[in-house]
Amino acid sequence: MDDLLSEFLTETNENIGIVDASIVVLEQDPSDESQIDNIFRLVHTIKGTCGFLGLPRLEAVAHAGENVLGKIRDKELTVTADVVTLILEAMDAIKDILATIEETEEEPAGNDADLIARLNDVAFGEAPQEATPVPEQEELPPGKVSEAELEAAFQAAEGPDEDLAEEGLRPGEVSEAELEAAFEAAEGPDEIVVPAEVKQEEAPLEEKKPAAEKTSKESSIANQSIRVNVQMLENLMTMVSELVLTRNQLLQMVRGMDDNEFTVPLQRLSHVTTELQEGLMKTRMQPIGNAWSKLPRIVRDLSHELGKKIDLVMHGAETELDRQVLELIKDPLTHMVRNSADHGLEMPEDRVASGKQQTGKIVLEAFHEGGHIIIKITDDGRGLNSEKIKKKVVESGLASEAELEGMSKQQIHNFIMRAGFSTAEKVTNVSGRGVGMDVVRSNIEKIGGTIALTSEEGEGSTFTIKIPLTLAIVSALIVECCGERFAVPQTSVVELVRASTNNNSNHTIEMINGSPVLRLRDHLLPLVHLNEIMRLETAADEVADRSEVKGSEEFIIVIQVANYVFGIVVDRVFDTEEIVVKPIAPILKNLSIFSGNTILGDGSVIMILDPNGIAAMSGDAVVNSDGSSKEEASQAQTQDEKIALLVFRAGGKDPKAVPLSLVARLEEIDVGTIEEANGKKVVQYRGQLMPLTTIEDDIEVKEEGRQPVLVFSDQDRTMGLMVEEIVDIVEDRLDVEMISERDGYVGSAVIREKATDIIDVGYCLSKCFGSWFGDSETRPFGHNGEKQKILLVDDSPFFRNMLVPLLKTAGYDVSTAENGVEALQKRDTGETFDIIISDIEMPEMDGFAFAEEIKGDDRWNETPIVALSSHTTPGDFDRGRAVGFSDYIAKFDRDSLMSALSQTLKECGSAK
Amino acid sequence: MTVSNMQDYVTVSIADQLFGIPVLEVHDVLRGLSLTKIPLAPPEVAGALNLRGRIVTAIDVRKRLDLPELEEDENCMSIVVEHQGEPYSLMIDNVGEVLSLDLNELQPTPVTLNSRWKEISGGVYRLENKLLVLMQIEQLLSFADNSTIAA
């Protein structure tokens, strides 16, 4: 069955369940406006979706029902038993039709003119009593109880006898959704009394029976999987999180002791807990495609409605994220896509006039980055018109013209996310009602996400949404300010800086008219003092005290909220800790500066700071920050080309660098803990022995104190590279300009205007685990003029990161793709390559399928493909040849790879 | 006079004044748990504490009643009540006994009381040698313009 349809069926069945329940509550208390609003909304949704899916019969019934409900809502009609009965009857009619749709995927023939006429009579004047005579209460034979009554009975079931009676009639009839609805609706047992007015429908009894049988099949779709209330998963998650915390506490306690009887069971407990946590996380993960599935249809309809040609491209639909987050971003996403279609894209003729393709393009992209999921919505439309926005801002009084003068383009663009702002010149059916981006923004911020916007006039706009993968457990930095501890969600922390108010450290806090700022590399960072925001220390003498005593050292947490970067000054920084966010007590809800609170491992309560709230509180700073926000925006744009490099020193004065993505962690190891094993230096690290090495053998190792170590790891292998000093992390283009003759170096590149040696992680790894790579160096094969283009397809970022510098060094021009699908997207965009290196085991599309796909299409079928695999059985080899791989190389054999590359290219060259 | 009119109250004393809290509303009686301060919170909120894995908001009842702060607060005791599913810990001076009192003997709150007191008082019992003010938890927790808590 069509996904859309089956989703509609489940959803509508649920909604009707809720309507059934709510309407009975409404009958008890006709003045309850929230109930009628809710019912009206649900029925309206049903009607709307029916129209959308092309189900006219269903739509007609729902529409008539909605009319009646509308009158009730507008207080033109009072809620009487008759009206309720009639509405319930309409709901039952809808249910019957739904049951048929589920069986046949088509609406049943027939019409409900009679029912609709009666509904209309009630809605438009006729006295309901005449139209719907109320049957007196009668003994109903078993099997003829309407579902509405069942619902009502469930809510009202105070005594076990009623409950039993119902169960006896139709055991197992009640679907989970209805149960949920009943539970939700049942606020308290006292408020709901058995509604005597709920009566048998008017339909003749004989007809009722088949209907009842039909409804019993209703849940057949749902039966294949269990629909579990998210709240229940949420509770489980909370409990598992507590378990994790308790386990951590136990581990902490046992760590100090040598072997004791607890060690083994505790390890077991630890394993099980981790597995439980992971498993539970998985139950909550869903591909983001679920939230996108309705979009193509919406865009199609929009394009007809607006007379535009729109192409919706979706990448990364399989990206998984927490179901709770998914639910919360569904509506904002839909809204934004509508916005892009309506405001963003121009009419076809305007597009042609400005030299673009007639068909507008909306690209939806999702991918993981760190603990986040990034969703990008890009259109190639007209972009944001700063002048128009300015005009509107002035009109709506959000800012004065003088204020606007001083603002950057980015800041002006950001106005579209303010409340009550819409740039659409006329209010269309689709958008332009002024409840737009501000709602989107607040929804996204509610779940700890950020939204950023870049736009070029005439070229289009890109909205980038960054949201946490899960809301349940977050990693937080624990900081201290004035003796109080606070947690800062790690996701918004960019870096930590140690600063002083005198000149003892590299970083100094300077003052501009009393506002603290910090020179951080090449820009100026506005600072806020946490104690000032919190009003923690107010007495003047204490402030004086602070500047003297703590003046020598302060810590700055650099926070990024959307495009706004600022620093929070705190007294101390402790550790990071995994915390479970618990909602703040309702009594404190208006404190926007906290996003929640939690209990730490040591049992104390700690408040979690909300970076969005702090950013809003330091509001003046936002206005002053155009420099940094602009910079941030431009950084974001060029980020693709640059990579982060870790610069350090080890042997000699020249700085050395390694791509940051290859480094798993930075550690400082107490030299005393370094041991010798098998003639090599090792250290116990996270329960394993980690070999330590230096780049060159003659590099001195510290005799005492702490030794900085770069930790590289791949799956279960970990090694440490001892260095003298970690200098900085820089973002720069990596162009290896000189090929190194020495072991352990890839070559040299200019980083920050200094010649820097790029170290070869592969060499370091081979030094520790001889088996990884051959030792000999790569020689670039003769490249004549133009660089050969390589596409590297591998799902492991580690190997991608490691091979790219190697291949670049060897004189190739390298592009990468995470899997076959991504690679094929490159094909679709018209890119060509001289050779493709592909991994075999990859998610989505494995290497074999990928190769078949390529050989089966004439765009890339000339391009040779080299397979790269950690498994090289003869069977694989044959299969590889069969699907069109030119060569098959073991993954870790660098020499063979290089020779195979030049060999294959040569062959191809001569073949041409 | 039937038994059903009898109501059990936990008596607590704050600044030598006796208060009664319906016994069924009391979940816990605590002494000396460490509090985490909540900056920017209304002054009546003393902080948050961890009660067996739940985060409980502590209310300084003295502040709420406009009374001076207690000097030696190590003796301070708390009564944990639940309001709208959220636990609150009411910081009081001392917890007394449980009294069974007749609802029919409840006297209306004297109109001359301080407005804050009038708000939280559900009536007054005349005990033999003292007066007991019936504390209405819901009213006690409705401050800081919080509409969700308003009755």
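**Chain B's fold, a helix pair and an interface**

Modeller: This is a predicted model, and along its sequence chain B runs β-β-β-β-β-α-β-β-β-α-β-β-α. That gives chain B three helices and 10 strands.

Colleague: What makes a residue of chain B count as buried, and what share of the 151 gets there?

Modeller: A buried residue has 20 or more other C-beta atoms within 10 Å of its own. In chain B, 32% of the residues pass that mark.

Colleague: Which residues of α3(A) and α5(A) meet?

Modeller: On the α3(A) side they include Ala60(A), Val61(A), Ala64(A) and Val68(A), and on the α5(A) side Leu115(A), Ile116(A) and Leu119(A) are among them. By class, this contact has nine nonpolar, three polar and one charged residues.

Colleague: How many residues of chain A and chain B are in contact?

Modeller: 19 residues of chain A touch 21 residues of chain B, with contact meaning C-beta atoms within 7 Å. On the chain A side, β17 (594-599) and β18 (605-609) each supply at least two residues.

Colleague: Which of them gives the most?

Modeller: β18(A), with three residues. The chain A side as a whole divides into 12 nonpolar, three polar and four charged residues.

Conventions:
Residues are numbered from 1 along each chain as its sequence is written. Chains are lettered from A and ligands numbered from 1 in the order in which they are written. This is a predicted model: local features need pLDDT of at least 70, side-chain atom pairs count only at pLDDT 80 or more; totals for chains, interfaces and linings use all residues. Helices (H or I, at least four residues) and strands (E, at least two) are DSSP runs, numbered from the N terminus. A residue is buried if 20 or more other C-beta atoms lie within 10 Å of its own, exposed if 12 or fewer, and partly exposed in between; C-beta atoms are placed from the backbone. Two residues are in contact if their C-beta atoms, placed from the backbone, lie within 7 Å. Ala, Val, Leu, Ile, Met, Phe, Trp, Tyr, Cys and Pro count as nonpolar, Asp, Glu, Lys and Arg as charged, and the others, Gly among them, as polar.
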